[in-house]
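Please read the numbered points with the sequence and the model at hand.

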Amino acid sequence: MQLMRVYFCGVRGSSPAPGVEFARYGGHTSCLALAHDQDAAPTLVLDAGIGVQRVSALMNGAPFTGTILLTHLHWDHTLGLPLFAAADRDDAHVNVLLPEQESGLDATSVLSVMMAPPFYPIGPTELRGEWTFATLTPGERRIEGFDVLAREIPHKGGRMFGYRISDGHSTLTYMPDHCPTAFGLGEDGFGDYHAAALELAHDADVLVHDAQLFPPEFPEQARFGHAVADYAVGLARHAGARSVALFHHRPDRTDDALDGLAQRLGGGSPAVTVADEALVLEL
Ligand SMILES: [Zn+2]
Ligand SMILES: [Zn+2]
């Protein structure tokens with residue numbers, strides 16, 4: 001039977017969260033790894049927060065051969081790029097895709113802004129193996145045997161794409177950072193269920209979505225570019241998504257606080273999971 005296997009390798013947003021009070025949900029920043037079936041190695045990696053370090057353990061000693069698809073270029077989605085051991089070796093083949101930049105800089109040039117001395121010892125083209133870097137525009141394309149739809153969604157500080165990824169059998173929607181209040185408060189008061197978000201999440205098996213904020217923080221912090229967890233559940237309901245994985249937890253959100261979130265929003269329909277680093281979904 002065909003299935004899509006989804007490894008949650010980093011579920012944290014903004015910055016890593018080391019420490020015993022974060023150990024159960026995990027402290028690595030955003031990264032998902034997708035494989036076409038149970039036994040195969042991942043070939044499509046979504047974002048390269050430092051969670052991408054954990055993808056190497058899924059490769060069984062083999063080099064990474066596949067695509068790293070970035071939603072945007074904030075540190076919590078890119079700092080792992082040079083730290084992905086299975087990709088930084090002579091026999092690796094890596095294709096990095098990122099949103100076309102408003103500045104017009106090509107993919108290598110814009111990554112070189114972050115990865116260059118004195119901020120970092122090497123640039124993106126100095127990684128070992130065969131690496132290619134390219135930008136992409138909104139729309140549909142086929143990547144590593146998956147159908148991928150990219151749509152621009154509001155965030156803050158740079159262009160951000162959400163992705164809808166299907167293997168012809170199952171669909172995963174990935175919107176790790178999302179500021180839906182950019183289009184107004186919407187009917188539930190947590191942000192607009194706008195067309196791009198609804199299109200990406202329509203009928204998805206799982207919606208992996210920004211859950212950075214809790215409702216008491218919302219009035220003060222929504223302007224920093226993130227969504228409240230309740231919005232993710234509301235979007236899934238409006239879009240007909242079957243389940244939600246709450247993702248991109250704030251770095252000071254303890255395990256106890258995330259347990260509380262699971263209790264508060266779980267138990268209904270659609271099914272809600274608070275993502276942790278041990279989560280593996282088979283869709
Ligand atoms: Zn982020
Ligand atoms: Zn961001």
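1. What percentage of the 283 residues in the chain is buried? Buried residues account for 57% of the 283, where buried means under 20% relative accessible area, exposed means over 50%, and partly exposed lies in between (1.4 Å probe, protein chains only).

2. On the basis of the note: this is a predicted model, in which local features need pLDDT of at least 70 and side-chain atom pairs count only at pLDDT 80 or more, while totals for chains, interfaces and linings use all residues. Residues are numbered from 1 along each chain as its sequence is written, chains are lettered from A and ligands numbered from 1 in the order in which they are written, and side-chain values use heavy atoms, leaving out hydrogens and water.

3. On overall form: six helices and 14 strands make up the secondary structure of the chain; helices (H or I, at least four residues) and strands (E, at least two) are DSSP runs, numbered from the N terminus. Along the principal axes, the C-alpha atoms fill a box of roughly 50 × 45 × 40 Å.

4. Contact here means heavy atoms within 4.5 Å.

5. On the helix pair: α5 (residues 229-239) packs against α6 (residues 255-265) at an angle of about 35 degrees, and their axes are 11 Å apart. Axes are lines fitted to C-alpha atoms, for helices over the stretch in contact, and angles run from 0 to 180 degrees between N-to-C directions. In this contact, Ala 229, Asp 230 and Val 233 of α5 meet Leu 261, Arg 264 and Leu 265 of α6. Four of the residues in the contact are nonpolar, none is polar and two are charged.

6. On Ala 232: this residue also belongs to helix α5. Ala 232 counts as buried because its relative accessibility is 0%. Leaving aside residues up to four places away in sequence, Ala 232 touches Leu 207, His 209, Asp 210, Val 244 and Leu 246.

7. On Glu 217: the loop between β11 (206-210) and α4 (218-221) holds this residue. Is Glu 217 buried or exposed? Its relative accessibility is 15%, so Glu 217 counts as buried. With residues up to four places away in sequence not counted, Glu 217 touches Gln 212, Ala 222, Arg 250 and Arg 253.

8. On cis peptide bonds: one joins Pro 117 and Pro 118, with omega about 5 degrees, and Pro 118 lies in the loop between α2 (107-114) and β6 (130-136). Another joins Ser 269 and Pro 270, with omega about 0 degrees; Pro 270 is in the loop between α6 and β13 (271-274).

9. On positive phi values: Ser 14, which is not a glycine, has phi near 75 degrees and lies in the loop between β1 (5-10) and β2 (31-35). Ser 14 is partly exposed, at 38% relative accessible area. Asn 60, also not a glycine, has a positive phi of about 50 degrees and sits in the loop between β3 (44-46) and β4 (65-69). With 74% relative accessibility, Asn 60 counts as exposed.

Terms used:
Ala, Val, Leu, Ile, Met, Phe, Trp, Tyr, Cys and Pro count as nonpolar, Asp, Glu, Lys and Arg as charged, and the others, Gly among them, as polar.
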